[in-house]
Amino acid sequence: MSPSVPLQEMIRAIRSARTQCEERGVIQRECAAIRAQFRQADNGGRSHNLAKLLYVHMLGYPAHFGQMECVRMIASPRYSEKRVGYLGAMMLLDEKQDASLLITNSIKNDLSHSNQYVQSLALCTLACMGSAEMCRDLAPEIDRLLRASNSYIKKKAALCAVHIVRKVHELGELFAPAARSLLSEKNHGVLHGAVVLIIELCERNPETLERFRKTVPDLVQIMKGLVLSGYSPEHDVAGISDPFLQVRILRLLRILGHNNEGASDAMNDLLAQVATNTDSTKTVGNAVLYETVLTVLDIKSESGLRVLAVNILGRFLLNNDRNIRYIAMTSLQKIVGTDHNAVQRHRGTIVDCLKDQDASVKRRALELSLALVSATNIRSMMKELLIFLSSCPVELKSHAASGIFNAAERYAPSQRWHIDTILHVLTTAGGDVRDETVPNLIQLITNASELHCYTVHKLYRALLIDISTQSLVQVSCWCIGEYGDLLLRGECQETEPVQVTEDDVLDALETVLQSHMSSPATRGFALTATMKLSTRITDNVDRIRSVVSIYGSCIDVELQQRAVEYNALFKKYDHMRAAVLERMPVIEKNSPGHTNGESTGEALKETQGSRMKPTEPKQLPQPANQVCDLLGLLGGSEETLQPGPFAAPGLLTNTASTAGGDLLDLLGDLEPEPLTPAPIVPVYDKDGVALTLSCEKQSDVALTVTLTASNSTDADISSFTLQAAVPKSVQLHMKAPSGDSLPARGAAKVTQMVVLNNPNKVNLKMKVRISYSSRGSTFQDTVQIDSFPGL
Amino acid sequence: MMRFLLLFSRQGKLRLQKWFTPMTEREKKKITRDMTTMVLSRQPRSCNFLHWKDLKIIYKRYASLYFCLAIENQENELIALEVIHRYVELLDKYFGNVCELDIIFNFEKAYFILDEFLMGGEIQETSKQMVNRSIEASDMLQEGDSSEWFEVELFG
């Protein structure tokens with residue numbers, strides 16, 4: 001075909017411009033000429049002018065003045081002008097432009113043109129930029145073309161129909177019958193278009209999906225033909241017959257077989273055949289295998305087939321091609337939740353991929369490795385992860401650090417191992433950890449009382465080496481402040497003893513205080529630690545006193561305030577100093593997965609026995625009469641129902657050692673006991689959703705109940721509501737719940753307070769109905785609470 | 001579904017752009033900038049797949065041109081690589097040992113070929129020969145058109 005000379009001359013002129021300014025000049029001149037030409041009547045060079053304009057547009061210059069020219073060219077009888085006109089329409093017009101409506105008529109005419117190439121231009125343009133109105137207008141025409149035309153037009157009409165369905169969902173119904181009949185065509189282009197159309201229809205409408213399930217046998221036949229047929233020169237790509245069509249059919253089978261036993265059974269054999277027969281030496285073969293694996297894993301396939309699929313992914317992991325390794329890991333990530341054991345078998349290869357050069361592969365390997373950590377392999381996995389952390393790219397460091405912390409918290413085999421791991425992470429990547437690491441680590445250390453000596457020695461040594469990592473320095477300062485006496489004592493069971501003098505310790509802390517690398521928070525830690533040491537060392541108290549008084553005039557306000565207060569502690573309140581600075585008690589962690597409610601039960605027992613007070617009935621605010629009978633919630637007719645959602649805080653699974661008959665006749669005390677937390681009783685635990693209850697007596701007829709809900713499954717829960725019923729004479733008042741959604745794995749809880757008033761002092765009972773949605777379905781359950789702890 | 005296809009040189013100059021969803025000029029410019037920066041900064045032997053927003057970006061370098069294809073998240077990346085390769089093969093067959101200059105000076109032909117291969121973000125024709133035959137036929141039709149016009153010119 002002869003090239004467009006004027007166009008090429010212009011391109012040459014633009015390319016020979018040496019500076020941006022020169023280029024702009026050339027383009028401005030050309031655009032002016034083009035505009036002038038557009039205004040003239042029909043001349044032979046119209047298509048060349050428009051082509052020039054499109055080139056200029058691609059370089060990034062404005063070309064909107066060509067829109068009307070496109071419209072005119074499309075209406076021209078000459079094919080060359082139509083061709084460029086339609087191209088211009090696709091490049092310059094989109095559905096947001098007003099001019100696009102003007103071409104609707106031209107497209108309509110061209111759809112019925114005698115020449116198939118003109119029809120094809122119209123179809124292509126419609127599929128590229130057809131607006132919703134245009135689609136509605138022309139849909140019947142497309143349907144006609146789908147049924148009665150040659151295969152060249154049919155395949156284009158099919159993809160046009162796909163575009164129409166995407167724009168106007170309701171029109172899907174129009175194309176369903178035609179799509180069904182297209183499946184019996186032999187032409188691959190038409191078949192491919194038909195499969196794409198059916199995929200689109202099934203994804204939009206579940207009823208259509210049901211109807212198309214009947215086509216599974218036909219699809220299986222077509223696939224078999226492709227897989228088992230000999231060499232076909234027209235469609236062969238490296239030994240695979242029409243891989244594009246194969247991949248599309250596999251995709252449709254996946255949609256049809258998802259959640260459906262019958263359809264999945266019908267395709268089992270075929271999938272096994274494709275999985276075993278496809279040649280995997282080239283990328284094409286692997287593309288088909290990949291799609292097959294995705295299909296097998298998404299339908300209700302039998303276990304043998306699933307194992308085959310996971311093994312294929314395992315083979316992919318060993319492939320030299322980085323792309324294949326990457327997609328293998330992406331797919332394994334999707335199934336690590338459901339087929340955990342199968343993926344575990346390939347753990348070694350996955351861990352090796354941590355050392356890959358490519359950043360995308362590394363990221364995938366990290367996520368997969370973190371998902372594969374379990375109690376059995378924690379030690380070896382952590383070794384690998386720590387090696388990875390020391391050499392990983394910067395953007396992955398904080399993700400890796402937090403992943404390691406989570407894994408360590410869940411599966412730590414011993415406290416010493418846990419502390420060692422966290423210290424290791426802090427030394428390698430301390431700058432990238434999150435803020436709550438410091439208090440978490442401190443809490444961990446206080447809990448491991450046998451290891452205080454070991455910990456403080458290790459931290460002291462770390463501090464001597466390097467004081468740039470703020471989180472590490474903060475924890476070290478805190479420990480030295482708390483356990484400095486253990487440090488000075490010298491001997492330690494777990495590590496080699498080293499002689500540390502008081503001056504050494506104070507020197508270390510002063511270095512931190514004075515260093516320009518220390519952040520203000522770190523310096524605060526160091527100052528407080530220095531102060532605490534004043535009760536733990538014997539000789540150098542004066543040195544501490546002088547340090548503290550120097551900082552009394554520090555520019556940093558926080559430090560100054562601390563120093564002044566400590567100074568005051570030395571001067572005026574010296575008698576209290578020992579008490580103020582003594583060892584901290586074990587810090588309780590208020591997060592899920594930790595059980596530390598043992599202390600609360602005993603405390604309550606002690607206080608129960610000592611109160612005997614006259615009670616005055618407290619009148620609680622009576623809620624408005626809202627008795628409405630919720631079907632089936634109430635067993636007998638004597639119970640009234642108070643509707644309303646409520647939730648409860650706190651997930652401390654403490655077995656109710658305090659519930660029982662001997663507490664029922666105890667008169668409640670009027671003074672609230674601030675230091676004794678109420679006992680928490682689990683009342684419901686099913687399918688990962690747990691509900692606990694704690695209550696506090698306000699008077700001998702009033703009771704405040706706090707309910708806490710938590711979710712330990714892997715899926716988020718939404719629309720979580722609770723309803724309650726109590727015996728008739730009891731009044732119920734619900735406060736607003738803290739929320740109605742429970743994120744997965746206990747990340748947050750929902751709490752609500754309920755106030756009960758029992759003036760007739762009947763036997764208090766409560767029926768609770770729990771309802772929530774999870775993974776798209778709703779659940780409901782009821783539990784009866786007969787005993788209230790602390791009552 | 002494919003969302004867009006971009007061809008650009010190693011200096012980041014755009015040689016071809018095909019958008020399969022409607023977008024404003026500003027959005028197109030921004031996406032083009034993002035793609036060129038992301039792809040051009042990749043190491044030579046790294047993975048051909050990237051993540052960008054909610055799309056997967058498949059890119060491959062052929063001589064001095066980068067082909068950058070964006071697909072939706074549920075699509076098959078390996079087959080997308082094959083799509084890019086198929087398009088390069090079509091260009092090669094048409095121009096005969098295609099190079100970047102061919103695409104620069106005959107960009108409208110590159111578009112015509114693309115429009116016979118892909119449509120509405122999906123593959124239109126899976127057979128190489130069919131696509132080639134359609135392009136040849138359309139070209140002849142165009143030729144017939146212009147020769148008609150030349151004849152008119154000659155005879156006044």
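Analyst: Buried means under 20% relative accessible area, exposed over 50%, and partly exposed in between (1.4 Å probe, protein chains only). This is a predicted model, where local features need pLDDT of at least 70 and side-chain atom pairs count only at pLDDT 80 or more, while totals for chains, interfaces and linings use all residues. Residues are numbered from 1 along each chain as written, chains are lettered from A and ligands numbered from 1 in the order written, and side-chain values use heavy atoms, without hydrogens and water.

Let's go to the pocket. The second largest pocket holds about 560 Å³ of space (a volume is the space filled by probe spheres set on grid points joined across faces, edges and corners). On a 1 Å grid over the protein atoms alone, a pocket is an open set of points where a 1.4 Å probe fits, with protein on both sides within 12 Å along at least five of seven lines, and lining residues have an atom within 4 Å of a point. There are 23 lining residues here, and those closest to the centre of the pocket are His57(A), Met58(A), Leu59(A), Gly60(A) and Lys29(B).

Which elements give two or more residues to this lining? From chain A they are α2 (20-39) and α3 (46-58), and from chain B they are β2 (14-19) and α1 (25-40). Helices (H or I, at least four residues) and strands (E, at least two) are DSSP runs numbered from the N terminus. With six residues, α1(B) provides the largest share of the lining. Sorted by class, the lining of this pocket has seven nonpolar, ten polar and six charged residues.

Now for chain A as a whole. Its 791 residues are 55% buried, and the chain has 34 helices and eleven strands. Taking contacts (heavy atoms within 4.5 Å) between residues at least 6 apart in sequence, 68% of those in chain A join residues at least 24 apart.

Thr125(A) sits in helix α8 (residues 116-129) of chain A and counts as buried because its relative accessibility is 0%. Beyond four places in sequence, Thr125(A) touches Tyr86(A), Ala89(A), Met90(A) and Gly130(A). Of these, Met90(A) is 35 residues away from Thr125(A) in sequence, yet the C-alpha to C-alpha separation is 6.2 Å.

Gln246(A) belongs to helix α15 (residues 243-257) of chain A and is likewise buried, at 3% relative accessibility. Leaving out neighbours within four places in sequence, its contacts are Met223(A), Leu226(A), Val227(A), Ile240(A), Ser241(A) and Val288(A).

Is Ser76(A) buried or exposed? Ser76(A) lies in the loop between α4 (67-74) and α5 (79-92) of chain A, and its relative accessible area of 6% makes it buried. Apart from residues up to four places away in sequence, Ser76(A) touches Glu81(A) and Lys82(A).

Ala238(A), which is not a glycine, has a positive phi of about 50 degrees. This residue is in the loop between β1 (236-237) and β2 (240-241) of chain A, and Ala238(A) is partly exposed because its relative accessible area is 38%. Over in chain B, Ala63(B) also has a positive phi of about 50 degrees without being a glycine. Ala63(B) occupies the loop between β4 (55-62) and β5 (65-72) of chain B, where it counts as exposed at 65% relative accessibility.

Notes:
Ala, Val, Leu, Ile, Met, Phe, Trp, Tyr, Cys and Pro count as nonpolar, Asp, Glu, Lys and Arg as charged, and the others, Gly among them, as polar.
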